[in-house]
Amino acid sequence: MRLSALVVARNEAARLPACLASLAPADELVVMLDRSTDASAEVARTHGARLVEGEWALEGERRNAGIAACTGDWILEVDADERVPPELWPALRTTIATSPHGFHRVRIDNYVGDRLILHGWGGSFGTTLKPILFRRGAKRWRAQRVHPGLDWTGTEGERITSAGIRHEVDRDISDMLRRLDRYSSAKAADLLAAGDIGSLPDNMRRCLSRIIKCYVARRGYKEGGWGLLIALCAGLFPLLAHLKARLEPERHRG
């Protein structure tokens, strides 16, 4: 079974070298660059990647284009801020050699700066498991700007948790808040495009429930102030998106 490693990126020249180096054991390396103006293309070529460049308005569309460019039997889809540790590769190889399923979730270890944060992720603001190992043809992203939905062919197999992909999710608190701003703006555009921005009371309830879920049910309290910060961001994400769509629609229409 051949394994393609796919990276979809935009202006990630600083982070691509470490990411691509960690994907060297793959049989094929595909880098999809969306409107990149930095040295990302040169970095990709240096690491022997097959390069595809273009322009896509929606995250789902560019990820589907990247998947279509892969030729392996299985695909491992990672982001430029992720690193696949050497100890994970045996589990990946064993899985694709023996699995009858369409896809598998892989453990994600999230870092803010140099700090590993294990608990509290959720609410579209972070996850500790992602369905990023899949058969070619099994995964399709929906046409949305941020956190697009997924359509699957085939069943889900066992989770791969023997080692985790290192995800350098944020550099610091300011970086986390900037991400919240970007995500909520993109989500506002999706809401406006769908013609349904929801109601303020519903989004206030969603905000509160996500905060409680991340901080209590997902044990964000174990991370102290970091867990509280992540819970607040996860809760504010849908509320901010609604308010941006409601109060500033002219700024967020696609």
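This is a predicted model: local features need pLDDT of at least 70, side-chain atom pairs count only at pLDDT 80 or more; totals for chains, interfaces and linings use all residues.
Three helices, α5 (173–194), α6 (200–217) and α7 (225–247), each supply at least two lining residues. Of these, α6 gives the largest share, with 4 residues. When the lining of the second largest pocket is divided by class, 5 residues are nonpolar, 6 are polar and 5 are charged.

An unreviewed UniProt entry lists residues 4–101 as "domain: Glycosyltransferase 2-like". In the model, this span is 36% helix and 26% strand, and its end C-alpha atoms lie 17 Å apart.

Strand β6 comprises residues 103–112 and is mostly covered, with 8 of its 10 residues buried. Pairing of β6 with strand β11 (residues 160–170) is parallel and involves 6 bridges; within this pairing, Val-106 has Ile-160 of β11 as its bridge partner. Strand β8 (residues 129–135) runs antiparallel to β6 and is joined to it by 4 bridges, and here Arg-107 is partnered by Leu-129 of β8.

Strand β7 (residues 115–117) also pairs with β6, in the antiparallel sense, over 3 bridges. The bridge partner of Asn-110 in β7 is Ile-117. Together β6 and β7 form a hairpin in which 2 residues separate the strands. In the turn of this hairpin, Gly-113 has a positive phi of about 65 degrees.

Notes
Residues are numbered from 1 along each chain as its sequence is written. Side-chain values use heavy atoms; hydrogens and water are left out. Ala, Val, Leu, Ile, Met, Phe, Trp, Tyr, Cys and Pro count as nonpolar, Asp, Glu, Lys and Arg as charged, and the others, Gly among them, as polar. UniProt positions are given in the numbering used here, feature names are shortened, and annotations may be inferred rather than shown by experiment. Buried means under 20% relative accessible area, exposed over 50%, partly exposed in between (1.4 Å probe, protein chains only). Two strands pair if DSSP finds at least two bridges between them.
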